Amino acid sequence: MDHCVFCDIADGKLKAKILYKDEKIMAFYDLEAVAPIHFLVMSRAHIVSVKAINKENSSTVSGIFEVIAALAKKLELVDGFRVVANSGKLAGQTVNHLHFHVLGGRVFEWPPG
Ligand code: AMP
Ligand code: ZN
């Protein structure tokens, strides 16, 4: 496997502004925010992208969504927020370690660009 920057964050080898951490899941602020609130929630174990979700790891994915709901509440994203998982080259995925962007604090267009 190629070097993975999010595995480094999961292992504590690379610093991040952490919002949440347990044995399986981690949430931290995106380094290049594209909204007033922009954080990422990921599996600490390496999963490549949405295409690699399966019966063995899907309980971690549902846990990720529980964390998203709790953090959206904690950060008072009461008027709405967007959850995005770029999956693969055409979608613009740049880090091949499954993560969900949570974006809030502004209006989001639909359909996205
Ligand atoms: P994606 O392009 O959907 O794969 O998302 C990757 C995201 O990770 C981008 O929004 C980057 O700004 C963000 N990112 C890359 N490296 C770091 C890092 N070390 N800490 C926090 N966010 C990062
Ligand atoms: Zn990884």
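**A charged pair and the pockets**

Tutor: Lys13 has a relative accessibility of 64% and so counts as exposed; buried means under 20% relative accessible area, exposed over 50%, and partly exposed in between, with a 1.4 Å probe and protein chains only. Please keep in mind that this is a predicted model, where local features need pLDDT of at least 70 and side-chain atom pairs count only at pLDDT 80 or more, while totals for chains, interfaces and linings use all residues. Residues are numbered from 1 along each chain as its sequence is written, chains are lettered from A and ligands numbered from 1 in the order in which they are written, and side-chain values use heavy atoms, leaving out hydrogens and water.

The partner of Lys13 is Asp11, and their side chains meet in a salt bridge at 3.8 Å, N to O. The term stands for a side-chain nitrogen of Lys or Arg within 4 Å of a carboxyl oxygen of Asp or Glu. Side chains of opposite charge can pair when their charged atoms come close. Asp11 is exposed too, with a relative accessible area of 52%. The structure holds one salt bridge.

Now for the pockets. Rolling a probe the size of a water molecule over the atoms shows where empty space is left. On a 1 Å grid over the protein atoms alone, a cavity is a set of points where a 1.4 Å probe fits but cannot get out, whereas a pocket is an open set with protein on both sides within 12 Å along at least five of seven lines; lining residues have an atom within 4 Å of a point. Grid points are joined across faces, edges and corners, and a volume is the space filled by probe spheres set on the points.

The largest pocket holds about 440 Å³ of space. It is lined by 22 residues, with Phe6, Asp30, Leu31, Glu32 and Leu40 closest to its centre. At least two lining residues come from each of α1 (5-10), β2 (25-29), β3 (37-43) and β5 (99-104), and α1 gives the largest share, three residues. Helices (H or I, at least four residues) and strands (E, at least two) are DSSP runs, numbered from the N terminus. By class, this lining has 11 nonpolar, seven polar and four charged residues; Ala, Val, Leu, Ile, Met, Phe, Trp, Tyr, Cys and Pro count as nonpolar, Asp, Glu, Lys and Arg as charged, and the others, Gly among them, as polar.

The second largest pocket has a volume of about 230 Å³. Among its 13 lining residues, Arg82, Val84, Leu103, Phe108 and Pro112 lie nearest the centre. Here β4 supplies the largest share, three residues, and the lining divides into seven nonpolar, three polar and three charged residues.

Strand β4 (residues 81-84) also contains Val83, which is partly exposed at 33% relative accessible area.

Most residues other than glycine have a negative phi, and most peptide bonds are trans. Glu76, in the loop between α2 and β4, has a positive phi near 60 degrees. In the segment after β5 lies Pro111, joined to Trp110 by a cis peptide bond with omega about 0 degrees.
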